[in-house]
Every structure is written in C-alpha cells, then in structure tokens.
Amino acid sequence: MTSVLPTGTDDAATGGSDASDGKRVLLAAPRGYCAGVDRAVVTVEKALDLYGPPVYVRKQIVHNKHVVTTLEKRGAIFVDETEQVPEGATVIFSAHGVAPVVHDEAKALSLKTIDATCPLVTKVHREARRFAGDDFDILLIGHDGHEEVIGTAGEAPENIVLVESPDHVDTIEVRDPDRVVWLSQTTLSVDETMETVRRLRERFPKLQDPPSDDICYATQNRQLAVKQMAPDTDLMIVVGSRNSSNSVRLVEVALEHGARDGHLVDYADEIDESWLDGVTTVGVTSGASVPEVLVRDVLDFLAQRGYTDVASVTAAEESLLFALPTELRRDLKARGSDDSGQVRHDAGSLH
Ligand code: SF4
C-alpha cells in the first residue's frame, strides 16, 4: 500500500467509529470522476444553461446510468444516431469520441456540434491517423462494439485490425508483419493489455509501440488502488454501470489480485445483504464516470451495517483538468460568461 490514511468523519461522512468487531472499509483513492468525464458532464450542464433545453447528446455522454438520468431530467435528449437529431439543432458528442463520418453526418443535417470527446481519446485518434498515413497496420486492442473503439477505428478503417484478447492474437492477419503498430482503448485492464502486447510481439517482432500510453492515467490509477486493496479485502464493491468498461475492469482486477468477492453496483440499494455474510473488510471504489454521491450512499449503507471504520488507500494523486470544448467556450464568452473554460471538479449538480 502506498499509504493508508484514516479518514476523518468529514471525509467518510459515516459518523463515529466502532471497530470492536473488526468491520472496516478500505476506500480507494483515486476513484470516481476523471478529468474527461468531468469535462463531458459539465459540457452538457453548461450547454443546457446556455442554449436552454432540449440539447441533444449522441450516445450516453458518459457510461453512467445516474448521470444520464439526471441530465435527462434537466432537458438533455440522448440519441443513438445523428439522424435522430432534428435539422439545425445542437448535438453534443460523448466523451468516448466519434468517427469522422459522424461529423460528416452532422454537417449534412446542419447541426451545431459540441465535441466532448476526451482529449486522451482524441490523442489515440491522432495516432491512428498518423500511423495509417505511414501505411502501417494498426493492431487496436479493445472491445468490439465499444463506442470508443468504433470511433478510433473509423479514423482509419482500412488499416485497423481489432485485437480483443491475448488469445485473439493467434488468428489475426496483417498485410506486412514488418509494418505493424499497436494502439489501445483507453479503459482496458493494464495487465491484460500488456499480455496481449507480449503475444503480439512474439508474432510480430518488429511491432511498434504507441508514442505514449493509450490506457489513460485515470484507468491506470483506479486499477492501481484496487490492486493495493484487494489482498486485504473480503468483498470489493465497485460503483459503476455495466456498460462502463473501466468500472467492469475494476471488479476483474480486484478478483485477480486477491479480493475474495467483488460486485459492480449502480446504486447502494443493489447491494445484496448476503454479500456481507462473514465479511470483515469491504473495499469500495468507483469507475471514472461515477459521481461521488453514489459512493457516499454505499458508505452510508455499509455504516448502517456496522462498517463505520473507513480508511483511504491512496495509490496516486490526480490534478489534471481539461478546458471545455472550444465551441462551448466561444459561445460562453460571446454571452459574457466569466467562465475560465477550465472544468472545476466542484461544479455542477452531479458532482
Ligand atoms: S477514462 Fe480516461 S480516456 Fe476516458 S474520459 Fe476519463 S480520462 Fe478520458
């Protein structure tokens, strides 16, 4: 463990401590919102304030049920395809990114677009374009059908070969084994991805690496905290939605690194009381798209069942912030907003 810091009552909001029966909670840090999710959610909130509802959002802005439901109540309309947006309306592209063809579709419908693609996903898009321009085959490690993979693959459809797992490596085909590079989805398991790369390099010794890590800092840090907690944990509760890749990975990482049991829940009321049978130490964390209020609800649920002793396990400090999308900043400025353009982590009702 990098550090285990007992939290004060302010931090954990669980009231007094009664550890006489040994029940305790290990609370991961960092957890919850990453800079890309924060920026995407604030983008929708500010767009609703600025333009008034409805504001259309293509796909879920981030993969979290609570976030989507809350924004829907404020007037966001989530659609699956660009063609569902009325001509001339405003549409926001989600944090997972879109293929160039989606920009073309929006243009054809005269839509006003705000691109909330996480800058770290945009970086992978740039890498895909660059290596395709150099006529490499790009071995994209990721999950078939995930929105981010669809967006990245759309940058260079002729050059992308999807690699879904270490075992998949044996069956993929490339045009020239001497001109191959690997890229990845940003939210994968670090360990499994490294195993896939190892197998790829066995088959293609001249395999090139990406210029920098594609698995983002937030995914890596959340997995690191879980790895540190897992050996001491009887039960790991990960707050997150089933379609959230990084949240699902956290449960897998916990189980691989020694947690005796692990579950993904959207809300505290999904915790099955039987999971707590014989459990002394509960680990709690949340995916990168999860508002902290949902973690607080889980801590309250556990406190009511005697788990009042809460200690933070801190694997890394995070301070990254992203500026809001250019289009939105321009309109905010035109309306005289004094917004600095940088996302604030305490902003908005979902934080
Ligand atoms: S998980 Fe990583 S890539 Fe995805 S939005 Fe957050 S910072 Fe960006």
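Visitor: Where does Pro54 lie?

Guide: Pro54 is in the loop between H2 and strand E3 (55-58). Those labels are DSSP runs, numbered from the N terminus: helices are H or I with at least four residues, strands are E with at least two. This is a predicted model, in which local features need pLDDT of at least 70, side-chain atom pairs count only at pLDDT 80 or more, and totals for chains, interfaces and linings use all residues. Residue numbers start from 1 in each chain, following the sequence as written.

Visitor: Which residues does a cis peptide bond join?

Guide: Pro53 and Pro54, with omega about 0°. A further cis bond runs from Ala29 to Pro30, where omega is near 0°. Pro30 sits in the loop between strand E2 (24-29) and H2.

Visitor: Next, confidence. What pLDDT does the protein chain average?

Guide: pLDDT is the predictor's confidence in each residue, from 0 to 100. The chain averages 92, and 90% of the residues score at least 70. Residues 1-20 fall below 50, yet this stretch has 36 contacts in the model beyond near neighbours in sequence. A contact means that two C-beta atoms, placed from the backbone, lie within 7 Å. Over residues 345-349 pLDDT also stays under 50, and the model has eight contacts there beyond four places in sequence. Where pLDDT is low, predicted coordinates should not be read in detail.

Visitor: Now the ligand. How many residues surround the ligand, and which are the closest?

Guide: A residue is near a molecule if its C-beta atom, placed from the backbone, lies within 6 Å of it. Here 15 residues surround the ligand, and Cys34, Gly36, Cys118, Thr186 and Cys216 are the closest. Helix H2 (35-51), helix H5 (119-133) and helix H8 (217-229) each supply at least two shell residues. H2 gives the largest share, three residues.

Visitor: What does the shell around the ligand have by class?

Guide: Nonpolar means Ala, Val, Leu, Ile, Met, Phe, Trp, Tyr, Cys and Pro; charged means Asp, Glu, Lys and Arg; the others, Gly among them, count as polar. The shell has ten nonpolar residues, five polar and no charged ones.

Visitor: Which residues does the UniProt annotation "binding site" cover?

Guide: An unreviewed UniProt entry lists His63, His96, His146, Ser244, Ser245, Asn246 and Ser289. UniProt positions follow the numbering used here, feature names are shortened, and annotations may be inferred rather than shown by experiment.

Visitor: Take His96. Why does His96 count as buried?

Guide: Count the other C-beta atoms, placed from the backbone, within 10 Å: 20 or more is buried, 12 or fewer is exposed, in between is partly exposed. His96 is buried because it has 28 such neighbours. It lies in the loop between strand E5 (90-93) and helix H4 (100-108). Leaving out residues up to four places away in sequence, His96 touches Lys59, Val121, Glu147, Glu148 and Gly151.

Visitor: And where is the place of His146?

Guide: His146 is in the loop between strand E7 (137-141) and helix H6 (147-153). It is partly exposed, with 17 other C-beta atoms in range. Beyond four places in sequence, His146 touches Gln185 and Ser245. Ser245 is also among the annotated residues in the UniProt record.

Visitor: On to backbone angles. Which phi does Ser110 have?

Guide: Ser110 is not a glycine, but its phi is positive, about 55°. Its loop lies between H4 and strand E6 (112-115). Ser110 is exposed because it has 9 C-beta neighbours inside 10 Å. Asp135 is another non-glycine with a positive phi, about 60°. That residue is in the loop between H5 and E7. With 11 C-beta neighbours, Asp135 is exposed too.

Visitor: Which residues is Leu264 in contact with?

Guide: Beyond four places in sequence, its contacts are Val238, Gly240, Arg242, Ser247, Val248 and Val251. Leu264 is in strand E11 (residues 262-265). With 19 C-beta neighbours, Leu264 counts as partly exposed. Its C-alpha atom is 7.3 Å from that of Ser241, 23 residues apart along the chain.
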